[in-house]
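This report goes through a set of computed geometric features of one protein model. The sequence and coordinates come next.

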Amino acid sequence: MKVLGINGSARKDGNTAIIMNKVFKELNKQGIETELVQFAGQVIEPCKACFACGEQKNCVHRKDIFRETFDKMMEADGILLGSPVYSANISAGMQAFLERAAVVCDMNRGSLNNKYKIGASVVALRRGGALSAVDAMNHFFMNQEMIIVGSTYWNMVYGQMPGDVLKDEEGL
């Protein structure tokens, strides 16, 4: 079994990556293989609504890392999405990725399928907006007929500067 983590943060190895790696540590203890893709330093272009992805099984535009990340997502058994909270929502990179992924999946319903895969989302934030961000990522899972992993508490950890999330013992 393999779980792909997609980190929508602009900060490489920042708070979002820290909490995603905490999840990975637990998965690795169970013998589950993990891989983390980080969008830091990358630009994920928004969907151009050209619908050329139909019958292609991926987006036809090649100016960013979408295609490579999407292929990894389709091969994975589980997906962990992580994003910092910006303006009470997910990052622009994560939003663009999820919108394009949803269109590619919709345009290739007969040949691409995330149905019954496992999905989980986590967010790092300073103040508010975490539930909106978690909800945005979970909507992608629901629209793909995936199984969303539950939690004993909200999937959010507080911190501003890189490493601050380690101080949020309740969130971790």
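The model is predicted, so local features need pLDDT of at least 70 and side-chain atom pairs count only at pLDDT 80 or more, whereas totals for chains, interfaces and linings use all residues. Residues are numbered from 1 along each chain as its sequence is written, and side-chain values use heavy atoms, with hydrogens and water left out.

**Nonpolar cores**

Helices (DSSP runs of H or I, at least four residues) and strands (runs of E, at least two) are numbered from the N terminus. Buried stands for under 20% relative accessible area, exposed for over 50%, and partly exposed for values in between, with a 1.4 Å probe and protein chains only. A nonpolar core is a set of buried Ala, Val, Leu, Ile, Met, Phe, Trp, Tyr and Cys residues joined through side-chain atoms within 4.5 Å. In soluble globular proteins, nonpolar side chains tend to be buried together.

The largest nonpolar core holds 35 residues, and Ile6, Phe70, Met73, Leu81, Phe97, Leu98 and Val123 have the most contacts inside it. Two or more residues of this core come from each of β1 (2-7), α2 (66-75), β3 (78-84), α3 (92-107), β4 (118-125) and α4 (130-143). The most are given by α3, with seven residues. Another core, of twelve residues, lies apart from this one; Ile18, Ala120, Val122 and Val165 are among its members.

A pair of aromatic rings is described by the distance of the centres and the angle of the planes. Rings of Phe, Tyr and Trp (its six-membered ring) pair if their centres lie within 6.5 Å; planes under 30 degrees apart count as stacked, over 60 as edge-to-face and the rest as tilted. By this rule there are four aromatic pairs. In one of them, the ring centres of Phe66 and Phe70 are 5.5 Å apart and the planes are at 20°, so the pair is stacked. Phe66 and Phe70 are four residues apart in helix α2, which separates them by about one helical turn. The relative accessible area is 0% for Phe66, which is buried, and 0% for Phe70, also buried. Ring pairs join Phe39, Phe66, Phe70 and Phe97 into a cluster.

Contact means heavy atoms within 4.5 Å. Apart from neighbours within four places in sequence, Phe70 is in contact with Lys57, Asn58, Phe97, Ala101, Val104, Cys105 and Leu112. At the level of whole helices, Phe66, Thr69, Phe70, Met73 and Met74 of α2 meet Phe97, Arg100, Ala101, Val104 and Cys105 of α3. Axes are lines fitted to C-alpha atoms, for helices over the stretch in contact, and angles run from 0 to 180 degrees between N-to-C directions. The axes of α2 and α3 come within 11 Å and cross at roughly 65°. The crossing of α2 and α3 is right-handed, a term for the near helix being turned clockwise from the far one by less than a right angle, with anticlockwise giving left-handed.

Gln38 lies in strand β2 (residues 33-38) and counts as buried at 18% relative accessibility. A polar contact is a pair of N or O atoms within 3.5 Å; within protein, one must be able to donate a hydrogen and the other to accept it, and residues adjacent in sequence count only if both atoms are side-chain atoms. The side chains of Gln38 and Asn7 form such a contact, at 3.3 Å. A polar atom of the Gln38 side chain also lies 2.9 Å from the backbone nitrogen of Asp13.

Asp13 is placed in the loop between β1 and α1 (15-29), and Glu55 in the loop between β2 and α2.

| Residue | Phi | Relative accessibility |
|---|---|---|
| Asp13 | near 60°, positive | 46%, partly exposed |
| Glu55 | near 65°, positive | 70%, exposed |

Thr16, in helix α1, counts as buried at 2% relative accessibility. Beyond neighbours within four places in sequence, Thr16 is in contact with Asn7, Ser9, Gly82, Ser83, Pro84 and Ala124.

Tyr158 is in strand β6 (residues 156-158) and is partly exposed, with a relative accessible area of 38%. Tyr158 and Asn15 are 143 residues apart in sequence, with 8.8 Å between their C-alpha atoms.
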